[in-house]
Amino acid sequence: METLKIAFYIFMMFFVIVAIHEWGHYYFAKRAGILVREFAIGFGPKMFSYKKGETQFTFRLLPFGGYARMAGEDPDTTGIDVGQTICVRIKDDKVEKIFTSNLEKYKNVIKGEVLQIDLETALKIELDVDGERMTYDVHPQAVIVNKNASMQIAPKDRWFSSKTVGQRSLAIFAGPMMNFILAFVLFAIFVQVSGVPVENPSYIKIADVSANTPAEKAGFKEGDIIKSINGTSVGIDQQQVIASISESKDKAMNWTVIRDGKELDVSVTPTSLPGQEGGKVGISLGFPTRQAGFVETFTLSGKYTIETSKLIFKGLQQLVQNFALDDIGGPVRTIELTGEIAKSGLDRLLYWSAMISINLGIFNLLPIPALDGSRLVFLGIEALRGRPVDPNREGMVHFIGFAMLFVLMLAVTYNDILRLING
């Protein structure tokens, strides 16, 4: 049951972080009037989907990414050519549906040979209907039905490329922006859940007890107040507690703790992991906390967001200066760490999720081809030049970047799996 709960936490963390990122792209694209064809969470085979309004909402097998597919980003092909026979259905004097196959099964339609068709600018279809030339206006949200699939047409004014540089930039930047906003909210929840240390504390408490450790086996509980170790009062000196544990490897220690106002004597023997020096019992130490006020929560959340961002930038700088594949963790490593952190409690998982959200936001803003940062660079060049970069050249840059990222992801995942196999 515990394993299922941890798996659920991991799934929800990835789902929320990815979904909020893609929702940022989706929402601001819709506000700009761009047709968003698909809102997808995950990659790989489609698990399920449903359509709401103009957008197909899809959930795919691997929830480690997603996308908001906008009209005009990729070539929109209608599959309708001059000379082809089609059927159209009229509503309110405009074509609302265009059928391109299995024409004999449709009723209340007009059948004819295509003489001219423009579904991007003029929105008109000219047909030869029983030898008579007929012209029909097409509704801007008309749907093309081909066999069992359907696709809404995309007039040019609904294309991503038809919008201003500012509108497109906001639609791209909104994804990482939502990750920073999500992190801020998660940090705020963390502050409310965990509280803030009181000023001038009078004792140290056990903030967390790890599973399958000497501390758990000895009977320590979260919230226990440490009074003394081996008869020596520890007061509020955390370093004294840590030093006592480290120096007592494989030696029994006698602790006195206060639980629910009662003193208890607990015996525990610190151990260590292979390759480590000093003893460990498997606890986290903390000072007494209090509930944070609204302003304090807002301030601390902002502080954590800024400090975490600085830490991630520093890590990226060190990675560039001293690149090593072993220093990079992929989805497998992230899942492994998330599982370990989830076992430590909801508050730690909230903090970790906020860090991952910031990490995703910063990573996407890097000027690496195929990422949001690279697309913003191209939009900046367009703003300076007064005209866009050749779409074919930009597409090739993004394709090469995506291929390189994909190869790196495979290498990192392989490395993560080897690390797990080797313990």
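Modeller: Strand β12 (residues 232-233) is joined to β11 by two bridges, and the two strands run antiparallel. The model is a predicted one, in which local features need pLDDT of at least 70 and side-chain atom pairs count only at pLDDT 80 or more, while totals for chains, interfaces and linings use all residues. Residues are numbered from 1 along each chain as its sequence is written, and side-chain values use heavy atoms, with hydrogens and water left out.

Colleague: What makes β11 and β12 a pair of strands?

Modeller: Strands are DSSP runs of E of at least two residues, numbered from the N terminus, as are helices (H or I, at least four residues). Two strands pair if DSSP finds at least two bridges between them; β11 and β12 have two bridges, and therefore they pair. Serine 228 stands opposite serine 233 in β12. Two residues lie between the strands of this hairpin, and asparagine 230 takes a positive phi near 55° there.

Colleague: Which other strands pair with β11, and over how many bridges?

Modeller: Strand β10 (residues 204-209) is joined to β11 by two bridges in an antiparallel arrangement, with lysine 205 opposite isoleucine 225. Strand β13 (residues 253-259) also runs antiparallel to β11, over four bridges, and there isoleucine 226 faces valine 257.

Colleague: Why does threonine 213 count as buried?

Modeller: Threonine 213 has a relative accessibility of 13%, and therefore counts as buried. This residue is found in the loop between β10 and α3 (214-218). Leaving aside neighbours within four places in sequence, threonine 213 is in contact (heavy atoms within 4.5 Å) with Val281 and Gly282.

Colleague: Why are helices α6 and α7 called roughly antiparallel?

Modeller: Helix α6 (residues 331-342) packs against helix α7 (residues 346-365) at an angle of about 155°, with the axes 8 Å apart. Angles over 145 degrees count as roughly antiparallel (under 35 roughly parallel, 65 to 115 roughly perpendicular, the rest oblique), and α6 and α7 are therefore roughly antiparallel to each other.

Colleague: Which residues of α6 and α7 meet?

Modeller: Thr334, Leu337, Thr338, Ile341 and Ala342 in α6 meet Arg348, Leu349, Trp352 and Ile356 in α7. The residues of this contact divide into six nonpolar, two polar and one charged.

Key. Axes fitted to C-alpha atoms, helices over the stretch in contact; angles between N-to-C directions. Nonpolar A, V, L, I, M, F, W, Y, C, P; charged D, E, K, R; others polar. Buried < 20%, exposed > 50% of the residue type's maximum accessible area, 1.4 Å probe, protein only.
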